[in-house]
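Work through the exercises below with the structure in view. Try each task before you read its solution.

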Amino acid sequence: MVANKNFHLTVKSPGRINLIGEHIDYNGGHVLPAAIDLNITIRFKKREGRVCHVSSKAKDDFKFNIYEPLKPKPNNHWANYVLGVINGILKLRPQQLSAFDCEIESDLPMGSGISSSAALECGITFGLNSLFNLNLSKLEQIKIAQKAENDFVGTKCGIMDQFAVIMGEEKKVILLNCETLKYELLDANIDPYKIVLLNTNVEHKLASSEYNNRRKVCEIAMEMIKSKYPHYHQLAQVPLKVIETLENELQESVLRRATFVAEEEKRTIDASIVLQNGDITKFGELMYASHEGLSNKYDVSCPELDFLVDYSKKHNSVVGSRMMGGGFGGCTINLIHKDYIQYYIELITKAYEDQFDLELSCIETEISKGVSIVR
Ligand code: GLA
């Protein structure tokens, strides 16, 4: 590792939460994410020659030639997050990069649904944009980062994570329309509750393939809907009553997925209204309903996530809880009364360990600003 003083630029790139609106971004609906106060720190420095060195405290270092065509590495190598964005930058700004070093350090747990992947992609894009004066707009950076994940990593993710990481602001949640990319910053009116993430420490091996599979099923549902109702273009725009008319045409599991999408879209809009009215009890109810749909209709939960959400229902200090992100493991997001956080964490940690013989990690987090330069 090279000492900090040799680096020319340091970037902090945050993880993200999503209060509600899960598996909705790639269906063209509304989501309610925010950036948080856990970050990946990336230090950059230009160097002579052709070879770039990328080092990380947690993973193996790698090198590549910036003047040769870039291809994804096999076996889900983590380098693909970095190579993917560089490939995207070079398409928009050909020949404007030269060799550089970068060092990566993270306090974001990986595979926990807090989007360490978007933090890395966006941090690299944002840092190189500044180091090489590329003049990429924020939206261009968001799209480069998303495309890297789609094409180099192979997860056909939507735009929510990268959008939140780049556009996040302190104490604000982002009500994002994922079709038009128009957004509003809403006050996160959740006092006296705080956001606590409970990490199951379960990472499902099939998360990426199941994710792509859900996306495919939504496309199938959409094709059928369009054949009868050609004016709909995005699944999240199709109202529940229209989906109900397709009961005999759609396969049972496809119908359940489409029903979830219609209901979750409505919940997200409702949630954004009750949040602005300060009705945190109603907001919490919508979070529980979201989990119920993710678990029973969209089938992306797992026993560990379900246990954590069910457990919270017995405790008045928790106003809302649900799985967050792609699913199959990772975290639940919980709104817990600030006076009872420690007490509740002790109880649930013990109950979780007794049930699964697994450690539970608890992260109390604040909504914070998006990717930024530290020096
Ligand atoms: C992952 C993806 C996002 C989004 C969520 C589910 O985090 O990267 O695009 O689809 O899952 O809401």
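This is a predicted model: local features need pLDDT of at least 70, side-chain atom pairs count only at pLDDT 80 or more; totals for chains, interfaces and linings use all residues.

**Exercise 1. Where in the chain do the two partners of the Arg257 and Asp299 salt bridge lie?**

Solution. 
- Step 1. Confirm the bridge. The side chains of Arg257 and Asp299 meet at 3.0 Å, N to O.
- Step 2. Locate each end. Arg257 sits in helix H7 (residues 252-276), and Asp299 in the loop between H8 and H9, so the bridge ties together parts 42 residues apart in sequence.
- Step 3. Classify each end. Arg257 is at 10% relative accessibility, so Arg257 counts as buried. Asp299 is at 27%, so Asp299 counts as partly exposed.

**Exercise 2. Which residues are linked with Lys57 in a network of salt bridges?**

Solution. 
- Step 1. Start with one bridge. The side chains of Lys57 and Glu105 meet at 3.5 Å, N to O.
- Step 2. Locate both ends. Lys57 is in the loop between strand S4 (51-56) and strand S5 (62-65), while Glu105 is in strand S6 (residues 100-106). The pair links distant parts of the chain, 48 residues apart.
- Step 3. Classify them. Lys57 counts as exposed at 58% relative accessibility. Glu105 counts as partly exposed at 29%.
- Step 4. Widen the view. Arg43, Glu103 and Glu105 are linked with Lys57 in the network.
- Step 5. A search of the whole structure finds 23 salt bridges.

**Exercise 3. How many aromatic pairs are there? Decide the geometry of two of them.**

Solution. 
- Step 1. Give the count: 14 aromatic pairs.
- Step 2. Take Phe163 and Tyr183. Their ring centres are 5.3 Å apart and their planes stand at 75°, so this pair is edge-to-face. The cut-off for that class is over 60 degrees.
- Step 3. Phe163 is in helix H4 (residues 160-167) and Tyr183 in strand S8 (residues 183-187), 20 residues apart.
- Step 4. Compare burial. Phe163 counts as buried at 1% relative accessibility, whereas Tyr183 is partly exposed at 38%.
- Step 5. Take Tyr352 and Phe356. The centres are 5.2 Å apart and the planes at 50°, so this pair is tilted.
- Step 6. Tyr352 and Phe356 both lie in helix H10 (residues 341-356), four residues apart. Tyr352 is buried at 0%, and Phe356 counts as partly exposed at 23%.
- Step 7. Look for a group. Phe44, Phe62, Phe64, Trp78, Phe100 and Phe132 form one aromatic cluster.

**Exercise 4. How many residues of helix H9 are buried, and which are they?**

Solution. 
- Step 1. Count. In H9 (residues 303-312), seven of 10 residues are buried. The helix is mostly covered.
- Step 2. Name them: Glu304, Leu305, Phe307, Leu308, Val309, Tyr311 and Ser312.
- Step 3. Find the cover. It includes strand S9 (193-203), helix H8 (280-296), strand S10 (318-323), strand S11 (329-337) and H10.

**Exercise 5. Describe the interface of domain 1 and domain 2.**

Solution. 
- Step 1. Domain 1 covers 9-188 and domain 2 covers 193-365. Their C-alpha centres lie 24 Å apart.
- Step 2. Count contacts. 35 residues of domain 1 touch 43 residues of domain 2.
- Step 3. State the buried area: about 3100 Å², with 62% from carbon and sulfur atoms.
- Step 4. List the polar links. The interface has one salt bridge and 20 residue pairs in polar contact.
- Step 5. Name the elements. On the side of domain 1, those giving two or more residues are strand S1 (9-18), strand S2 (30-31), strand S3 (33-46), strand S7 (172-177) and S8.

Technical notes: Residues are numbered from 1 along each chain as its sequence is written. Side-chain values use heavy atoms; hydrogens and water are left out. Rings of Phe, Tyr and Trp (its six-membered ring) pair if their centres lie within 6.5 Å; planes under 30 degrees apart count as stacked, over 60 as edge-to-face and the rest as tilted. Buried means under 20% relative accessible area, exposed over 50%, partly exposed in between (1.4 Å probe, protein chains only). Contact means heavy atoms within 4.5 Å. Domain bounds come from an automatic or database domain assignment. Buried area is the accessible area (1.4 Å probe) that two parts lose on being put together, summed over both. A salt bridge is a side-chain nitrogen of Lys or Arg within 4 Å of a carboxyl oxygen of Asp or Glu. A polar contact is a pair of N or O atoms within 3.5 Å; within protein, one must be able to donate a hydrogen and the other to accept it, and residues adjacent in sequence count only if both atoms are side-chain atoms.
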